[in-house]
Amino acid sequence: MNIKKQFKEGLITNNPVTVQLIGMCATMAITTTLFNGVGMGLSVLIILTCCNVAVSAIRKIIPNDIRLAIFVVIIAGFVTIVDLLLQAFIPALSESLGVFIPLIVVNCIIIGRAEAFSQKNTVGASFFDGVFQGLGYTCVLIVMCVFREQIGSGRFGGGLIDVSNGFRFTLDGTGAGIQLFNADYGASIMNLPFGGFITLGLLIAVMQHFLKKSAKKKEAEAAAAAEAEKEAD
Amino acid sequence: MTNIISIAIGAILINNFIFSQFLGCCPFLGCSSKVDTATGMGLAVVFVMGLASAICWVVDTYLLIPLGLEFLETLAFILVIAALVQFVEMFLKKSVPSLYSALGIYLPLITTNCAVLGVVLLNVQNHYNFIESVVYGITGGVGFMLAIVLFASVRERIAFADYPECFEGFPICLVSAGLLALAFMGFSGMQIFG
């Protein structure tokens, strides 16, 4: 399996959110601060990788008829583990993500990758697929968080970065972030559900624009190459 | 009684599952290209959410809590929902074929609808009793149906609209869903019974 290709697929050409259009509920709901976004992204990354490895390890003994039920049980098991770990070690994150951590069970990304990739591929390939797809998801979350937080309250890295006493990362969600302009001038509508829908819509539109552009460019190149070949004949 | 009415109005309008809690966005965006399919999906969700709330409340109160197994809630609930959807499908196929053909392919999709698992988990989080849980489940489903039917009618109009090429497909839907969410925000200042 080509790791470089998988990397590119996960992050750009087959990004779970902006291209496959799955797992959008949490994407829109929790991207209000960078703390939430990074936390959610990493949780999904870990769960996705574990599930991919587990599913691919037992792919040959799963009866085809009940495979979805088995996937769901595996996923729910890993989600419960991560949920309990977060409650124990990063309670602030668990509190601010709330019901969306247990809801990773029904996040289409994980069951989608189990169905589309890891039940057909080797353990190693599935591991990298989980890592890269998870990274792609995390990147989208971070972009959305930065955008919404910036415009909504003029901040960068709320909850995660603290600059009051030198630059440091806070893992308990207490950091105030870097205030780039006065919060009173922020368009607080970006922090509301409306902001989630609009930001994701714009992000997908931008992605579609560039993907189409590169597809057109490739087409033109291929056409030019074919033309050149004809002339050579 | 006032409590139940406030839960109901809250679930349908003020804290609408889609427009303010983002639960169930995938089917909301996936099954809303036509008003008919949206209505079918909405009905199926109301039905399953009501039933799931009732059954999961019973499972939680009489099985998980007495045994001290609260940490298995997510796992137990998703199994209950998956089994429930299967049973409902078989039951409808056998005894109410007309409803079955109307709901058709939407039933199996509901297992992975996060609104269903979400409502069950929220029932536990909010410490609702049996009646409150069922009311919250059904009215949450009604709120979902209201949202998806409204949105499907909007999308039927969008099909004829003129928008930039790169917005084709999902982005334009998301933008219009955002505008609908903005409209639903108008309810957020509403106070019920003080």
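Reply: Happy to. In this predicted model, helix α4 (residues 67-89) of chain A and helix α6 (residues 108-118) of chain A have axes that come within 10 Å and cross at roughly 130°. Helices here are DSSP runs (H or I) of at least four residues, numbered from the N terminus, and the axes are lines fitted to C-alpha atoms over the stretch in contact, with angles running from 0 to 180 degrees between N-to-C directions. α4(A) and α6(A) are therefore oblique to each other; angles under 35 degrees count as roughly parallel, over 145 as roughly antiparallel, 65 to 115 as roughly perpendicular and the rest as oblique. The crossing of α4(A) and α6(A) is right-handed, that is, the near helix is turned clockwise from the far one by less than a right angle.

On the α4(A) side, the contact (heavy atoms within 4.5 Å) is made by R67(A), L68(A), F71(A), V72(A) and I75(A), and these meet I110(A), I111(A), A114(A) and E115(A) of α6(A). Sorted by type, the residues of this contact are 7 nonpolar, no polar and 2 charged. Nonpolar covers Ala, Val, Leu, Ile, Met, Phe, Trp, Tyr, Cys and Pro, charged covers Asp, Glu, Lys and Arg, and the others, Gly among them, are polar.

A word on conventions: residues are numbered from 1 along each chain as its sequence is written, and chains are lettered from A and ligands numbered from 1 in the order in which they are written. Local features need pLDDT of at least 70, side-chain atom pairs count only at pLDDT 80 or more, totals for chains, interfaces and linings use all residues, and side-chain values use heavy atoms, with hydrogens and water left out.

How values were computed: Helices (H or I, at least four residues) and strands (E, at least two) are DSSP runs, numbered from the N terminus.
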